[in-house]
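Please read the following report beside the sequence and the coordinates.

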Amino acid sequence: KQWYQRRVRGWSGEARLQETTIIDAFSRGMMEVLISDVMMSPEFPDIVACQLPGENSTLEVMKVNPDGGKEEFNRQEGEKKARELFDAIGFTHIVRLLRKMRIPIIGHNVLMDLLYLYHKFYK
């Protein structure tokens, strides 16, 4: 853990704003510890860390503005996760909206179409 902190400390002294570096944490558990250390530590007011998408134990560390940079990063990450969740829900969202509106759906053989859609897309 101290090796990672020394590496981040050394890198942050030379890094410019929005510059990133990649650190291999070797395990998911160690990665979670490092993310919380960097994000919560007063020693790193201008450093944020997050897991790389699709990677199990790779950490991306970025230098941000010390005046509100972490808050902005957290807000952007929250928005990104909300978009990913909305995209993952996809067609289920449409089916839920149709149910919520409670208006009749009229069409030829529509019951079979709805059952097919439910079978293929609804989770």
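The sections below describe a predicted model.

## Helix H1

Helix H1, residues 2–14, has 13 residues and reaches 19 Å from its first C-alpha to its last, which is close to the 18 Å expected at 1.5 Å a residue. Its buried residues are Tyr4, Val8, Trp11 and Ser12, and these lie on the same side of H1 because they cover an arc of only 100° around the axis. On the other side of H1, Gln2, Gly13 and Glu14 are exposed.

The cover over the buried residues of H1 includes strand E1 (20–24), helix H2 (28–40), strand E2 (47–51) and strand E3 (58–63).

## Nonpolar surface patch

Ile94, Leu98, Ile105 and Leu114 form a nonpolar patch on the surface, and together they have about 300 Å² of accessible area. Ile94, found in helix H4 (residues 91–101), is partly exposed, with a relative accessible area of 42%.

## Salt bridges

Six salt bridges are found in a search of the whole structure. One of them joins Asp46 and Lys63, whose closest N and O atoms are 3.6 Å apart. This pair links distant parts of the chain, since Asp46 is in the loop between H2 and E2 whereas Lys63 is in strand E3, 17 residues apart. Asp46 is buried at 16% relative accessible area, and Lys63 likewise counts as buried, at 14%.

Lys80 forms a salt bridge with Glu77, with 3.4 Å between the closest N and O atoms; the two are three residues apart in helix H3 (residues 69–89), and are therefore separated by about one helical turn. Lys80 is partly exposed at 32%, while Glu77 counts as buried at 18%.

Methods: Residues are numbered from 1 along each chain as its sequence is written. This is a predicted model: local features need pLDDT of at least 70, side-chain atom pairs count only at pLDDT 80 or more; totals for chains, interfaces and linings use all residues. Side-chain values use heavy atoms; hydrogens and water are left out. Helices (H or I, at least four residues) and strands (E, at least two) are DSSP runs, numbered from the N terminus. The expected span of a helix is 1.5 Å times one less than its number of residues. Buried means under 20% relative accessible area, exposed over 50%, partly exposed in between (1.4 Å probe, protein chains only). The arc is that of the directions from the helix axis to the C-beta atoms. Contact means heavy atoms within 4.5 Å. Patches are made of residues with over 30% relative accessible area and no salt bridge: like charges are joined within 9 Å, nonpolar side chains (Val, Leu, Ile, Met, Phe, Trp, Tyr) within 5 Å. Accessible areas come from the Shrake-Rupley method with a 1.4 Å probe; for residues, only the protein chains shown count as cover. A salt bridge is a side-chain nitrogen of Lys or Arg within 4 Å of a carboxyl oxygen of Asp or Glu.
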